[in-house]
Amino acid sequence: MADDDVNAGHQLPHPHSGYPGKGPAAAGSSFHDTILATSVLRRKSEPVLLSHSRFQILSAVLVNLREVILGTKLALLFPAIPIAITADYYGFGSAWLFVASLLGLTPLAERVSFLTEQIAYFTGPTVGGLLNATCGNATELIIALLALYRGKMDVVKYSLLGSVLSNLLLVLGSSLLFGGLANLNKEQRYDRKQADVNSLMLLLGLLSHLLPLMFRYSGGGDTGLRDGSQAVWLSRVSSIAMLVAYVAYIVFQMKTHRQLFEAPQEEEEGEGKEEEKAVIGFWSAFCWLAGMTLIIALLSEYVVGTIEAASMSLGIPVSFIGVILLPIVGNAAEHAGSIIFALKNKLDISLGVALGSATQISMFVVPLCVVVSWIMGGHMDLDFSLIETGSLAMAILVTAFALQDGTSHYLKGMVLCLFYLIISAAFFVRGTPQGESSVGSMAY
């Protein structure tokens, strides 16, 4: 590991290689710019003399600790991890455990993006992009699978729905808002191809949610739907179709039509522009990634296990926690990255981060949970109930409408953020009906 880390800086990618930020939709950006998007919260490390030390193993360990643990501005939240473990061991209470776990998940989500970035320097942009697409939403995926294992279908659906809404309205909206305010004297433009492809995929996902919902409210299928069988089987077929579409989406973005998504300004990179390089070695990054994934799984287990009790203790509805709070924690890293690139008038990257993540959740994580539930003998379907599906439909439509002309200004961002605010208020006011799940048909 020592030699691996000492030589990490010599592994350079091709300067014009594409690489997706969080999800393959950002493949149109150069490797240099999109790497910055996933590591925007990283601290600037000060030069040290450890490389001249005779103790190379100790030097490598210290470099790893400095870059991985102290190399983020969210490092102040790492103590929340031992606090959560201590709260669980000594039984401090569900509210303490829930809050500490949420705070601990925030820096872990950002560090997973950083570590997949480091691995991508050695594997190349294609494999690195697939790894980033898989691990980028690790927090949301782990929480959903653990909730699915515990039979908490409402938590699964709330968290996944909230992640899509957060990326489409909050992440993208705040990026367009602050980017527009910072560039009042400039016309902000972006390539519509990326937005069009993602909007098309999101509409396909929306259709898969609408059909089971319409089945439930249609008079003709009432009797057959009492056990949820028709909606469940329709959802399973739709989920398989969505996974096939997502595979085609990756191939389209990264292989067959990759040239359509290359940012034109990246072809004119100056020779004096410093290229990014790995700061830790491949195996070091892989070991850190495996370890952090295990910690994310542990904290996610705490969150899923205490969400109802914490809801009662804190007086916050489960629907609001699942749709609003959990996605904000999971999307913290790309949220900051998307805003900063919008401030730099690089909207293609901002759109790639926000839309790519929303598409990945909608077209990969959601149908994957349906298939996993099927394998486990469960009956998860794509019926997210009326208010949830209506909110998703409005979010997709308003986002597609806002991005249709290829230009942006702060008013578009403000409208998207206000959409998110109103939806958040709706879920806070609504709460969860006593004695029943409020999300979809929960047949067991």
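A residue counts as buried when its relative accessible area is under 20%, as exposed when it is over 50%, and as partly exposed in between, using a 1.4 Å probe and protein chains only. By that rule helix α7 is mostly covered, with nine of its 12 residues buried.

This is a predicted model, in which local features need pLDDT of at least 70, side-chain atom pairs count only at pLDDT 80 or more, and totals for chains, interfaces and linings use all residues. Residues are numbered from 1 along each chain as its sequence is written, and side-chain values use heavy atoms, with hydrogens and water left out.

**The whole chain**

Show the protein chain as a cartoon. The chain has 16 helices and two strands. Helices (H or I, at least four residues) and strands (E, at least two) are DSSP runs, numbered from the N terminus. Of the chain's 444 residues, 55% count as buried. Contact means heavy atoms within 4.5 Å. Among contacts with a separation of 6 or more, 85% are between residues 24 or more positions apart.

**Stop 1: Ala60**

Select Ala60, which lies in helix α3 (residues 56–69). Is Ala60 buried or exposed? Its relative accessibility is 5%, so Ala60 counts as buried. Ala60 and Gly281 are 221 residues apart in sequence, and their C-alpha atoms are 9.3 Å apart in space.

**Stop 2: helices α4 and α5**

Select residues 80–90 for α4 and 94–123 for α5. Their axes come within 8 Å and cross at roughly 150 degrees. Axes are lines fitted to C-alpha atoms, for helices over the stretch in contact, and angles run from 0 to 180 degrees between N-to-C directions. Angles under 35 degrees count as roughly parallel, over 145 as roughly antiparallel, 65 to 115 as roughly perpendicular and the rest as oblique. The helices α4 and α5 are therefore roughly antiparallel to each other. On the α4 side the contact is made by Ala80, Ile81, Ile83, Ala84, Ala87 and Asp88, and on the α5 side by Leu97, Ala100, Ser101, Leu103, Gly104 and Leu108. By class, this contact has nine nonpolar, two polar and one charged residues. Here Ala, Val, Leu, Ile, Met, Phe, Trp, Tyr, Cys and Pro count as nonpolar, Asp, Glu, Lys and Arg as charged, and the others, Gly among them, as polar.

**Stop 3**

Select residues 138–149, which form α7. The buried residues of α7 are Ala138, Thr139, Glu140, Leu141, Ile142, Ile143, Ala144, Ala147 and Leu148. After α7 comes Gly151, with a positive phi near 80 degrees.

Glu140, Leu141, Ala144, Leu145 and Leu148 of α7 meet Ile361, Val365, Leu368, Cys369, Val372 and Ser373 of α14. This contact of α7 with α14 has nine nonpolar, one polar and one charged residues.

**Stop 4: helices α9 and α15**

Finally, select residues 192–217 for α9 and 386–402 for α15. Their axes come within 10 Å and cross at roughly 155 degrees. The pair α9 and α15 is therefore roughly antiparallel. Residues of α9 that meet α15 include Leu202, Leu206, His209 and Tyr217. The contact of α9 with α15 divides into 12 nonpolar, three polar and one charged residues.

Terms used:
Expected span 1.5 Å × (residues − 1).
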